[in-house]
Amino acid sequence: MNASPTVLVHAKGLRKEYGSGEGLVRALDAVDLDINRGEAVAVIGPSGCGKSTLLHLIGGLDRPSAGVLSVAGQRVDELSERALAHLRRDEIGFVFQAFHLMDELTAQENVELPALLAGCTPSEARARATALLEEVDLADRARHLPSMLSGGQRQRVAIARALANDPEIVLADEPTGNLDSASAFEVLGLLEGLHAKGLTLVIVTHDERIATTADRLISMRDGAFVDETRLTGGSRGNLSTFAEWERLS
Amino acid sequence: MQQEVVLAMLAKEPSHGYELRARLARALGPVAEGINEAQMYVTLTRLEKGGFVARLDAPTQRSDRKVYCLTPAGQERVTEWMSDVSWPRPDLAEFHMKLIAAAQGALADPVSLIDAQRRDLLRRLREVGRAVMEEEKDSNAALLLEGIVLRLQADLRWLQACEIAWTKRSTPQ
Amino acid sequence: MRGRALLLTRLVRRDIRLHLAQAILLVVAIAVATATLTMALALNGVTNHPYAATRAATKGPDVVAYLTSPSQAKPLIQASEVAASNGPYPINSAVLHFDGHTAGALIEGRSEALAGIDRPEVLSGSWVRPGGVVLERTFAEALGVGVGGRVTLNSRSFEVAGIAVTAAQPPYPNLCWATAIASLPIKGGYETSVQGACVNLNFSAEGPRDVGLVWMTESNLLGLASKANPILDYALNIKLDDPAEAQAFADTHTFVSNGPVLSTWEGIATADALLVHDEQGVLKPGALLLALLAIASVAVLVGRRLSEYARRVGLLKAVGGTPSVVAATFLVENLALALFAAVVGLVVGWLASPLLTNPGAALIGTAGAPAISPSTILEVVGLAIVVALVASLVPAVRAARSSTVDAMNDMARPPRRRGILIRMSRKLPIPALFGLRLVARRPRRALLSAANVAVTVMGIVAVIAFHADVNSRVSTASGLTAGGLSDPVVNRDEQMLAVITIMLVALAVLNALFTTWASVLDARRSSALMRALGARARQVSSGLVVAQTLSALPGAIVGIPLGLGLFKATVKSGALPSPLWLIATVIGTLVAMAALTVVPARIGSMQSIVEVLQSEAA
């Protein structure tokens with residue numbers, strides 16, 4: 001498969017190791033992955049399987065020990081810190097399990113942050129932030145500090161922030177991990193909405209329910225892919241099989 | 001299940017078959033799609049034969065105009081059912097045996113079976129997940145669908161454990 | 001561009017607001033450091049070049065010629081190198097009595113009008129008038145007389161009209177140092193003749209010479225003179241075209257036997273400097289100690305902030321900040337705080353230094369409050385900028401290097417494990433176990449703590465040594481002259497020392513407060529965990545005290561030779577203080593650190609365990 005404009009993430013032989021000698025930990029073991037534009041990919045697996053590590057590598061938050069990784073056409077494994085930062089700023093949006101908002105900024109200011117970093121004027125950044133906060137239904141909380149928001153609201157702010165510079169791809173690491181089921185529901189809805197608009201999504205989760213909203217579901221264990229399931233395409237199932245009604249004999 | 005359900009619905013008031021089906025559909029949501037009227041009438045007939053249900057009608061009326069009601073025996077059955085706490089069990093034993101039989105009889109690779117079943121459940125989970133989104137929050141249908149999702153998740157976890165165990169068995173130590 | 005600027009200011013403002021207490025403490029520490037530096041520099045400026053300042057302020061002469069007759073003035077005045085001259089003024093000598101003190105007085109007769117050359121600066125009171133004399137400042141202080149007092153000169157009573165300084169003569173007690181004054185006979189009962197004093201003086205000898213400078217009106221002076229005490233000398237103040245030629249001019253025109261004797265301004269300056277020589281000996285190391293202490297306090301506070309930076313670095317990087325942008329946020333914030341603190345420190349120092357340098361504190365000097373020179377401002381602001389840069393360096397490096405996700409999870413430097421110490425501490429009681437493990441866990445923090453204590457002890461030991469030295473000199477040299485005047489040299493040393501001691505103690509207390517508070521805060525999570533596992537609050541507090549003492553002890557011990565070394569380096573022949581004092585210092589410091597640790601420890605143990613664990617993990 002040649003690298004074409006539609007392949008947004010291309011990984012080959014991706015490895016990540018920590019420590020050395022006896023203490024060597026293989027977080028990722030020679031992983032190959034291709035993600036096309038517009039796809040939603042979920043990575044599922046038990047804790048410690050390497051799914052978060054994979055996501056961090058794709059997002060340029062960490063460097064691979066070996067292998068080729070290219071995101072949005074750039075070779076992530078070869079970029080300088082500065083170039084990586086630009087990539088993170090312009091092409092990638094990240095949503096974390098722990099939200100990681102800046103505690104001293106209001107919701108609006110948090111969402112403006114990437115735009116300002118990219119060099120937008122203050123008024124442009126503000127307009128963008130306002131629009132995004134409306135999209136995630138938090139327009140009335142724009143001036144609230146994170147400490148005054150619930151977990152679900154904080155994650156929605158984080159999602160708005162991830163979208164600030166109109167990224168090509170959004171990476172979500174256990175986005176509902178710290179949320180109660182009602183908030184998780186809302187966040188899930190948001191992510192699905194983004195996918196419906198054509199955004200490329202990679203979601204890492206241990207929750208199958210979140211995972212099955214994607215087009216492709218990759219299972220990981222011990223740093224390697226063990227299975228891949230295509231969830232879209234194919235006929236719609238029959239929900240009535242759950243009712244166990246007696247057949248006509 | 002279905003017999004007690006129909007009996008209990010009749011406890012409210014005597015009803016036509018199609019009325020019962022409509023009430024069922026409202027309560028079950030998309031899950032009720034596969035249930036057609038014919039199945040409802042088969043169940044009603046069986047209940048009539050068992051003496052739990054009686055028909056009220058004139059002999060000349062067509063079958064779909066029959067009105068059914070509870071007999072005292074039927075009433076008693078309903079009361080029993082209300083206080084019955086046995087929980088519906090999923091049939092894990094059957095799948096478990098399927099894997100063992102496949103391994104012992106060299107009929108198929110257990111891990112492949114597990115993977116196939118997992119894929120199927122995942123697709124089902126996706127369907128149900130979407131259905132939940134479409135229903136109104138806190139409605140009857142949404143509540144039922146939520147329960148199905150959770151059961152599927154539990155089953156998927158068990159399948160994951162099966163996969164780990166059976167993979168270990170097949171790889172030489 | 002505007003967007004980034006807005007972002008920077010916003011982040012800086014918000015962060016300061018969120019961590020206001022810490023920001024204030026940092027500002028206080030830097031302000032104290034800059035105020036100290038300002039005062040030290042002002043003092044230094046004053047004592048370094050007092051003569052130059054006096055010379056400029058009083059229009060001091062380049063050459064002073066002592067004539068035995070007024071006719072000797074003409075050839076001198078007409079010399080080609082001479083630009084201007086004043087005088088000749090008659091000079092006489094007398095015996096001065098005041099309040100039981102006796103001294104010799106060298107009296108110049110002057111006009112009431114201000115002269116063009118050698119215009120003594122009147123510091124209090126007014127210039128000469130009939131019946132009113134003016135005394136040279138150091139002389140007046142040694143006598144203990146002030147404006148309005150009455151002195152007798154050769155049994156005639158005069159009122160002290162004013163007190164002044166001049167650049168034409170060295171101040172008491174080195175009055176005659178540079179001059180060889182021929183034939184100054186003095187009549188009546190004074191043991192060391194002025195003539196002898198002024199002619200035969202060799203200033204490597206000990207003790208002051210009780211001769212001081214007095215001005216009075218010419219008519220008063222002529223009135224003092226008598227057949228028995230005639231006027232035999234005249235002073236002529238000369239300004240040359242080229243002040244650098246003063247020595248050559250003096251060499252050419254001096255006739256030792258019965259002719260004019262010339263002294264140059266350089267010679268006077270040298271005599272002038274003798275008085276401050278010792279002061280400088282105390283001031284320089286004192287200023288060094290103060291600077292060290294101030295920097296140590298700042299280091300502790302900055303060290304604390306560094307640990308919070310990691311998370312911010314990670315977050316900004318994750319959102320797309322380049323290493324330079326991230327570094328800029330820290331730099332701007334630290335610069336803003338540091339510069340603000342520098343300004344505060346400069347103002348405080350400027351307001352406070354007159355307290356140290358004006359007449360009350362017996363420093364030789366002059367004319368007005370010491371100005372804060374531009375170089376002082378530059379050095380102080382420079383210090384603040386350096387502090388800000390250093391504080392911003394660590395997160396900047398981290399931003400450029402470390403993996404973003406590690407920074408966000410603050411895993412950059414996990415605590416070290418020392419198996420031996422952990423095994424060893426198992427057998428100890430809980431407080432000791434906890435304390436030992438705390439120290440082993442973060443050896444760099446313990447080291448910083450120890451360094452702070454070392455600097456504090458070094459300061460205290462040095463100050464004690466200086467005090468002992470000054471005291472011993474006072475006792476051996478009796479501190480008083482034959483006439484009962486107090487030794488101005490010793491006086492000045494003592495006062496300078498007192499000033500430095502006070503500042504040092506204040507800084508030491510501040511430093512100890514910062515160090516102990518920071519240590520307790522660093523150990524917050526461990527303390528909460530211990531409590532969660534069942535340790536009592538008192539055990540935990542004791543453990544913190546143990547940890548503090550463990551790191552303070554080596555620091556205190558190291559501080560002693562450091563302090564003694566500093567003392568020895570400046571006072572080469574000084575006697576060391578007794579070992580008892582040194583041991584007392586170590587024990588006192590340890591006790592003080594322990595006591596200061598208890599308070600924040602107690603406060604910390606009252607906090608909810610859950611709150612602490614959750615907030616630290618977030």
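## Strands, helices and chain contacts in a predicted model

C:Pro88 is found in strand 2 of chain C, which covers residues 82-98. The bond that joins C:Gly87 and C:Pro88 is a cis peptide bond, with omega at about 10°.

Two residues of chain A, neither of them a glycine, have a positive phi: A:Ala30, at about 50°, and A:His100, at about 50°.

| Residue | Phi | Location in chain A | Other C-beta atoms within 10 Å |
|---|---|---|---|
| A:Ala30 | about 50° | strand 2 (residues 25-36) | 14 |
| A:His100 | about 50° | loop between strand 6 and helix 3 (107-117) | 22 |

Is A:His100 buried or exposed? With 22 other C-beta atoms within 10 Å, A:His100 is buried, because the cut-off for a buried residue is 20 or more such atoms. A:Ala30, with 14 other C-beta atoms within 10 Å, is partly exposed, because its count falls between the limit of 12 or fewer for an exposed residue and that of 20 or more for a buried one.

Chain A contains an open sheet of six strands, arranged in the order 6-7-8-3-9-10 with mixed pairing. Strand 6 (92-95) and strand 10 (224-230) of chain A stand at the edges, and each has a single partner strand, so one side of each is left without a neighbour in the sheet. On average, and with direction ignored, neighbouring strands of this sheet are turned by 15° against each other. Within the sheet, strand 3 (residues 40-44) of chain A pairs with strand 8 (residues 200-205) of chain A in the parallel sense, over five bridges, and A:Ala42 has A:Ile203 of strand 8 as its bridge partner. Helix 1 (residues 51-58) of chain A packs on the sheet, where it touches strand 3, strand 7 (169-173), strand 8 and strand 9 (216-221) of chain A, and the direction of this helix makes about 150° with that of strand 8.

In chain B, the axes of helix 2 (residues 17-28) and helix 3 come within 10 Å and cross at roughly 115°, and the crossing of these two helices of chain B is right-handed. Helix 2 of chain B contributes B:Gly17, B:Tyr18, B:Leu20 and B:Arg21 to the contact, while helix 3 of chain B contributes B:Glu37, B:Met40, B:Tyr41 and B:Leu44. By class, five residues of this helix contact are nonpolar, one is polar and two are charged.

The contact between chain B and chain A takes 29 residues from chain B and 20 residues from chain A. On the side of chain B that touches chain A, helix 3 (37-50), helix 6 (110-134) and helix 7 (140-170) of chain B each supply at least two residues, and the largest share, 12 residues, comes from helix 6 of chain B. That side of chain B comprises 16 nonpolar, six polar and seven charged residues.

The contact between chain C and chain A takes 25 residues from chain C and 26 residues from chain A. Helix 1 (2-18), helix 9 (265-318), helix 10 (323-357) and helix 12 (404-408) of chain C each supply at least two residues of the side that touches chain A, with helix 1 of chain C giving the most, 10 residues. By class, this side of chain C has 12 nonpolar, six polar and seven charged residues.

Methods: Residues numbered from 1 in each chain as written. Chains lettered and ligands numbered in written order. Predicted model: local features only at pLDDT ≥ 70, side-chain atom pairs only at ≥ 80, totals over all residues. Contact = placed C-beta atoms within 7 Å. Helix = DSSP H or I, 4+ residues; strand = E, 2+ residues; numbered from the N terminus. Nonpolar A, V, L, I, M, F, W, Y, C, P; charged D, E, K, R; others polar. Pairing = 2+ DSSP bridges. Axes fitted to C-alpha atoms, helices over the stretch in contact; angles between N-to-C directions. Left-handed = near helix turned anticlockwise from the far one by under 90°.
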